Amino acid sequence: MCGSTLQTKGGMSSVIRVLLDSTEWEEVEIRFLPTHIERNKAIVALYFLWSLLRILWTVCTYRPHIAHLHTAIKGSFIRKGILSILLQTLGIKVVLHHHGSSLLPFYQNLPKWGQCLFRHIVNNVDSNIVLSLTLQNEMKKFLPYAPFIVIPNAVNTTMNNPYTGTGHLVTTMGRLGKRKGTYDLLQAIKQIDKMLPSHIQFALCGDGDVEEVKTTTARLGITHRIAHIGWVSGKEREEILAQTLLHVLPSYHEAFPMAILETMARGIPNISTRIASIPEVVKPHITGYLITPGDIDSLGKYILQSCTTPTERLDMSKQSYELITKNYSQQQQIEHIKSLYRSLR
């Protein structure tokens, strides 16, 4: 299995950690060989070259049957494309696991030769895992003969819904920036500031435009509403989620956000955008609310509504927890992957 290092921030690494931490693999032996590290371009290139040597040594020594390659877009896809061609030449079956938030736009914006190479790679691997039926249908329009299979992201679940509804935080998890709708969220906070209960604050948890977000909150005069800005992990992350009433992700581009699945597994209702695969889990007035990307008025309205209607919020919590437990548990995901592996042996 190959992908970014487990210390890399983002959804792909979260998925890989979930898979590697599982005890459900039984007959499957997994060796994880990272191929990407978050550094400058020169170090990233050198790290990949070093990874290629390690992978070749592993192939020669252990002769694995399958290479499971986690990929996003841009540089990530180039690296995994090189790997897939090399490994198939060596007789290894290849599974490409697509995590990119803009996979179809990435393909469409490539030059003609780039699209040709993309099609060659995707058509010739043994299987392409995509995260939702929505994305599979979109990609099939352009690559009708590519071997796609839908295996959604999954998360660890608990025996009981841990949501109490007594927290004071509205939280967003993920990279801070325009693509994630962070600045739309700040504008919405400004609009509803005087109507929100005084104890409600916002935790903006992620890397990216951290300093710009801090500057914008000060310019908008909403610093009193902000409990946190920046990346969180470990104990600090758990403490924030335990105090979270509502998770908000007003993104412009996504695939199948782990942040939404992880928060719903904790019974936290979500407000997100009507894009990609998000409507498959965020169902209006059932598990949360959906808006059009950039609709700041609706974003503010639903945040205010969620923070001031505890009964409705508890109902959405129950539905969120049950949906994830039933359809997106780690055990189900691994059973699907094991079935795929068996079909390729």
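This is a predicted model: local features need pLDDT of at least 70, side-chain atom pairs count only at pLDDT 80 or more; totals for chains, interfaces and linings use all residues.

**Aromatic pairs**

The structure holds nine aromatic pairs, and two of them are set out below. A pair of aromatic rings is described by the distance of the centres and the angle of the planes.

| Pair | Arrangement | Centre to centre | Between the planes |
|---|---|---|---|
| Tryptophan 25 and tyrosine 341 | stacked | 6.2 Å | 20° |
| Phenylalanine 106 and phenylalanine 118 | edge-to-face | 6.2 Å | 65° |

The pair of tryptophan 25 and tyrosine 341 links distant parts of the chain, 316 residues apart: tryptophan 25 belongs to the loop between helix H1 (11–21) and helix H2 (41–62), while tyrosine 341 belongs to helix H13. Tryptophan 25 counts as buried because its relative accessibility is 7%, under the limit of 20%, and tyrosine 341, at 9% relative accessibility, counts as buried as well.

In the other pair, phenylalanine 106 lies in helix H4 (residues 103–108) and phenylalanine 118 in helix H5 (residues 112–124), so that this pair ties together parts that are 12 residues apart in sequence. Phenylalanine 106 counts as buried at 14% relative accessibility, and phenylalanine 118 is likewise buried, with a relative accessible area of 2%.

A ring also takes part in a contact with a charge: the charged end of arginine 31 sits over the ring of tyrosine 62, at 3.5 Å from the centre of that ring.

Four strands make up an open sheet in the order E1-E2-E3-E4, and their pairing is parallel. Strand E1 (66–71) and strand E4 (148–150) are the edge strands, each of which pairs on one side only. Averaged over the sheet and with direction ignored, neighbouring strands are turned by 25° against each other.

Strand E3 (residues 127–130) runs parallel to E4 and is joined to E4 by three bridges; isoleucine 129 stands opposite isoleucine 149 in E4. Helix H13 (residues 330–344) packs on this sheet and touches E1, strand E2 (93–98), E3 and E4, with a direction that makes about 135° with that of E1.

Key. Residues are numbered from 1 along each chain as its sequence is written. Side-chain values use heavy atoms; hydrogens and water are left out. Two strands pair if DSSP finds at least two bridges between them. Helices (H or I, at least four residues) and strands (E, at least two) are DSSP runs, numbered from the N terminus. Axes are lines fitted to C-alpha atoms, for helices over the stretch in contact, and angles run from 0 to 180 degrees between N-to-C directions. Contact means heavy atoms within 4.5 Å. Rings of Phe, Tyr and Trp (its six-membered ring) pair if their centres lie within 6.5 Å; planes under 30 degrees apart count as stacked, over 60 as edge-to-face and the rest as tilted. Buried means under 20% relative accessible area, exposed over 50%, partly exposed in between (1.4 Å probe, protein chains only). A charge sits over a ring if NZ of Lys or CZ of Arg is within 6 Å of the ring centre and within 35 degrees of the ring normal.
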